[in-house]
Amino acid sequence: MVKVAKFGGSSVASPSQFEKVKQIIESDPARKIVVTSASGKESHEDHKITDLLYLCFEHKRYGMPVDPLFDMIKEKLLGIEKSLELSTNIKQEIDLLYTQIYDHIDCDYLVSRGEYLTAQLLADYLGYTFVDAKNLIFFSYDGSLDYSKMALAFSSIMEETSCIVVPGFYGAYPDGKIKTMSRGGSDITGSILANLSDATCYENWTDVSGILKADPSIVHQPHQIDLITYEELRELSYMGASVLHEEAIYPVKDKNIPIYILNTNEPTNPGTIILNKVTQERSQEITGIAGKNDFSIITVIKEHMSNEFGTIRKALEVLEENRIQIEHISTSIDTFSLVIDSSQLRPRYYDVIYQLKEKCGANEVTVANDISLIAVVSRFMKHKTGMSGRLFDALGEQQINISMISQTSNETTIILAVTNKDYERTIQAIYNEFE
Ligand SMILES: Nc1ncnc2c1ncn2[C@@H]1O[C@H](COP(=O)(O)OP(=O)(O)O)[C@@H](O)[C@H]1O
Ligand SMILES: N[C@@H](CC(=O)OP(=O)(O)O)C(=O)O
């Protein structure tokens, strides 16, 4: 029996957190495959090593001083090494990295060093074998994962050893060049290893006791979700419940491997279990609420649009040509609205509006900025009537104006658009209504 245990940055942020990790690993011999993120924040004021490494890269690029940032990284990692009396050679590696920064360094390589160095510390502390992710997690040149190559590498590694620590967040292209995943990507590494090892489960250890019904920084002590489907989880994490990367479900979903979200600081708490299908009584109404800020709604107004063909296609082409992703679309007779991430629109703002107006032959194109999207996720929604009515009543009572509504036909998620200033109030009001 093999379990994969992934520890997030908060679980390896200090020597005392390393001690907790060791107790967790030693309490179950099935925890043979360990994935770690880079050391994270010890306190609110502290910094994640990954953030510091990204900053080092930017400072070097703009000719600003790197040393104060680099010293913080060095101090943190060597502090853990010293306090736990470890005997790795990370000091030489850190010194070499410093010279590489001033020479020439690739951004992905630099930021991957947080995981690389933290994993060496953890492997030494646990007495497990360190396996560099560049020799195990393989990407093709198009960025997709090469599972057959990874399966071969995994079995040859496991012929030599039985317990390994692998740094999360990065892998290698066919030529050996390091490629990092998107932020929070160590969750994906853990999931890939659960797939490769046919694990009985994938444990994702973090600093909260499972996935909560809402972001704990907005709702005071929200209830914990006991069981959730992969589909619901993906909706919530894509929409901002940052506890698990939304891409982390795919490698385990294929093999029906359950994911457990567990708390390193409270290991006896059962946390959240994520499964393909959940059979649970329907007394529950909402699985969870999540949201993100800073979207724009572009509205294209064109008289007689309902009698024409291809207007929406032309608008989608404009966005595709400008490499802007569309989050949601809503249509009526002579108008349609596109919701997009403002950070993608901003650099191309005037071009995109002009092109939309010209290509679609629109009478008018308007843009509303400072929009938040809030997802209300529930597998129970399709079996219950009146839930959307209650949702809108609850927001109406709080005088919250909804700019757009979207619901998919599988009836798992309702997406609401509100202004950024109403973001937290909206989440709180929905939570109170369905608590
Ligand atoms: N719905 C939610 N449930 C649980 N945690 C959430 C939720 N939304 C946001 N979070 C935040 O996610 C954090 C855990 O994710 P992350 O910071 O990636 O941890 P780690 O350091 O373990 O990788 C929590 O501390 C919490 O603040
Ligand atoms: N260290 C990387 C990858 C990661 O997954 O980190 P964490 O598990 O601490 O969110 C990041 O900060 O994006």
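Close-up 1. The residues around ligand 1 split into 8 nonpolar, 6 polar and 3 charged. (Ala, Val, Leu, Ile, Met, Phe, Trp, Tyr, Cys and Pro are counted as nonpolar, Asp, Glu, Lys and Arg as charged, and the others, Gly among them, as polar.) In total 17 residues surround the ligand, and the closest are G9, S10, T206, D207 and L212; a residue counts as near if one of its heavy atoms lies within 4 Å. A polar side-chain atom of S10 sits 2.9 Å from an oxygen atom of ligand 1. For G9, a backbone N or O atom lies 3.3 Å from an oxygen atom of the ligand, and an N or O atom in the side chain of S242 is also 3.3 Å from a ligand 1 oxygen. Such polar contacts are pairs of N or O atoms within 3.5 Å; within protein, one must be able to donate a hydrogen and the other to accept it, and residues adjacent in sequence count only if both atoms are side-chain atoms. On its own ligand 1 has 570 Å² of accessible area, and the protein covers 80% of that. (Areas come from the Shrake-Rupley method with a 1.4 Å probe; for residues, only the protein chains shown count as cover.)

Residues are numbered from 1 along each chain as its sequence is written, while chains are lettered from A and ligands numbered from 1 in the order in which they are written. Because the model is predicted, local features need pLDDT of at least 70 and side-chain atom pairs count only at pLDDT 80 or more, while totals for chains, interfaces and linings use all residues; side-chain values use heavy atoms, with hydrogens and water left out.

**Close-up 2. What surrounds ligand 2.** Look for K6, G8, G9, S37, K48 and T50, which are among the residues around ligand 2. That shell divides into 1 nonpolar, 7 polar and 4 charged residues. A nitrogen atom of ligand 2 is 2.7 Å from an N or O atom in the T50 side chain, and a polar side-chain atom of K6 lies 2.9 Å from a ligand oxygen. Taken alone, ligand 2 exposes 340 Å², of which the protein buries 88%.

**Close-up 3. K6 again, this time with D187.** The two side chains meet in a salt bridge, 2.8 Å from N to O; the term means a side-chain nitrogen of Lys or Arg within 4 Å of a carboxyl oxygen of Asp or Glu. D187 is in helix α7 and K6 in strand β1, so the pair ties together parts 181 residues apart in sequence. (Helices, H or I with at least four residues, and strands, E with at least two, are DSSP runs numbered from the N terminus.) Both D187 and K6 are buried, with buried meaning under 20% relative accessible area, exposed over 50%, and partly exposed in between (1.4 Å probe, protein chains only).

**Close-up 4. K76 and D46, a buried pair.** Their closest N and O atoms are 2.7 Å apart in a salt bridge. K76 belongs to helix α3 and D46 to the loop between β2 and α2, 30 residues apart.

**Close-up 5. E85 in its loop.** E85 sits between α3 and α4, and its phi is near 55 degrees, a positive value in a residue other than glycine. Most residues other than glycine have a negative phi. With a relative accessible area of 73%, E85 is exposed.
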